[in-house]
Amino acid sequence: DIEEFDNEGRILLNEYIFSNFKVERRGKQIDKFEFEIWNFISRFNENSNFLTSTIYEPNKIVIKEQTQSEFSGGSGMLWPAALALANYFIQDKSNHSNHSNHTNHSNHRKILELGSGTGFLSILLYLLGHKVIATDQSSALELLTFNAKLNLGELNQHIMNFDIAELIWAQTNLLEFLEKRKQLENDKQIDTIICSDLLYREFLFVSLIETLYQLNSLLLPNQIDIFIAFKNRNLQEFKFFELAKNYFNQQKIYECNVNQIEIWKFSLNNNL
């Protein structure tokens, strides 16, 4: 399924090992024979819902990253903010698992990811037990689908709680989008929206805020948790928060001064 091997028959896939406390990245050159073995295992054991393609080591996610020019803006790469947000959810799940009075909402979210890119974060959240809808623009869906199949097996009826869909900010009809996935009627409604490394293009801020606001409005009366993780690159990110404060309550829940990663939690401003 992959024709992009180098002259020595290798392709760079990054391995991400996660535990109850954190996720760590390991780069690895995978030769064509080993990759074909992974593909065979994935297809042979597609009924499994846990890492069928990486069966040699538990708790491992393998991600193909893409640097070709068609992924302008880096949607084919996995950036540090995604790892920080992954760690947040891993620790959140671990903390709630250690308390007998934990809530179902914290442990079993229905998550919509905007701008999923490689799909790493959506895949990890699914493996942590959440229902997930991974979305991006059409040009990114091939890589996203590839990585999902690599780690979860074929996306068929056996993977009921993982979905991939096109969603273009401020363009997709969100009412139709939600109705198609039965979010407004029978199925568990979305209660969480995640955004990772989406604040590097200032001209998209308004479209992103409009999409977040429309989704929240359509999902009322549910209270939606929005998590926004980004690396502070001094690219006018503060303007996003200035615009968003007209619609959302904002709370910074994580900051790392070493790599300038921040995670914010938004909720709809009920005073509008």
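Student: Is Ala-170 buried, partly exposed or exposed, and at what relative accessibility?

Tutor: Start with the cut-offs: buried means under 20% relative accessible area, exposed over 50%, and partly exposed in between, with a 1.4 Å probe and protein chains only. Ala-170 has 34% relative accessibility, so Ala-170 counts as partly exposed. Its phi is positive, about 65 degrees, although Ala-170 is not a glycine. Ala-170 sits in the loop between β6 and α6 (174-180).

Student: What should I know about the model itself?

Tutor: This is a predicted model: local features need pLDDT of at least 70, side-chain atom pairs count only at pLDDT 80 or more, and totals for chains, interfaces and linings use all residues. Residues are numbered from 1 along each chain as its sequence is written, and side-chain values use heavy atoms, with hydrogens and water left out.

Student: How many helices and strands does the protein chain have?

Tutor: Helices (H or I, at least four residues) and strands (E, at least two) are DSSP runs, numbered from the N terminus. The protein chain has eight helices and 10 strands. Of its 272 residues, 49% count as buried.

Student: What share of the contacts comes from residues 24 or more positions apart?

Tutor: Contact means heavy atoms within 4.5 Å. Among contacts in the protein chain with a separation of 6 or more, 66% join residues 24 or more positions apart.

Student: Which residues touch the most other members of the largest nonpolar core?

Tutor: A nonpolar core is a set of buried Ala, Val, Leu, Ile, Met, Phe, Trp, Tyr and Cys residues joined through side-chain atoms within 4.5 Å. The largest one has 33 residues, and Leu-85, Phe-120, Leu-125, Phe-162 and Ile-194 touch the most other members. Elements supplying at least two residues each include α2 (80-97), α4 (120-127) and β10 (261-268). The largest share, eight residues, comes from α2.

Student: Which residues is Ile-194 in contact with, beyond its neighbours within four places in sequence?

Tutor: Among them are Leu-85, Phe-89, Leu-125 and Phe-227. Another core, of 31 residues, lies apart from the largest one and includes Leu-114, Ile-133, Leu-174 and Leu-198.

Student: How many residues of α4 are buried?

Tutor: Eight of its eight residues are buried. They include Phe-120, Ser-122 and Tyr-126. Just after α4, Gly-129 takes a positive phi of about 110 degrees.

Student: Which side chain of opposite charge is nearest to Asp-136?

Tutor: Lys and Arg count as positive, Asp and Glu as negative; His and the chain ends are not counted. A salt bridge is a side-chain nitrogen of Lys or Arg within 4 Å of a carboxyl oxygen of Asp or Glu. Asp-136 is buried yet has no salt bridge; Arg-201, the nearest side chain of opposite charge, is 9.0 Å away. Asp-136 belongs to strand β5, where five of six residues are buried. Beyond its neighbours within four places in sequence, its contacts include Gly-115, Ser-116 and Glu-166.

Student: How many bridges join β4 to β5?

Tutor: Two strands pair if DSSP finds at least two bridges between them. Four bridges join β4 (residues 110-114) to β5, and the strands run parallel. Lys-110 stands opposite Lys-131 in β5.

Student: Which peptide bond is cis?

Tutor: The bond from Leu-220 to Pro-221 is cis, with omega near 10 degrees. Pro-221 lies in the loop between α7 (205-218) and β8.
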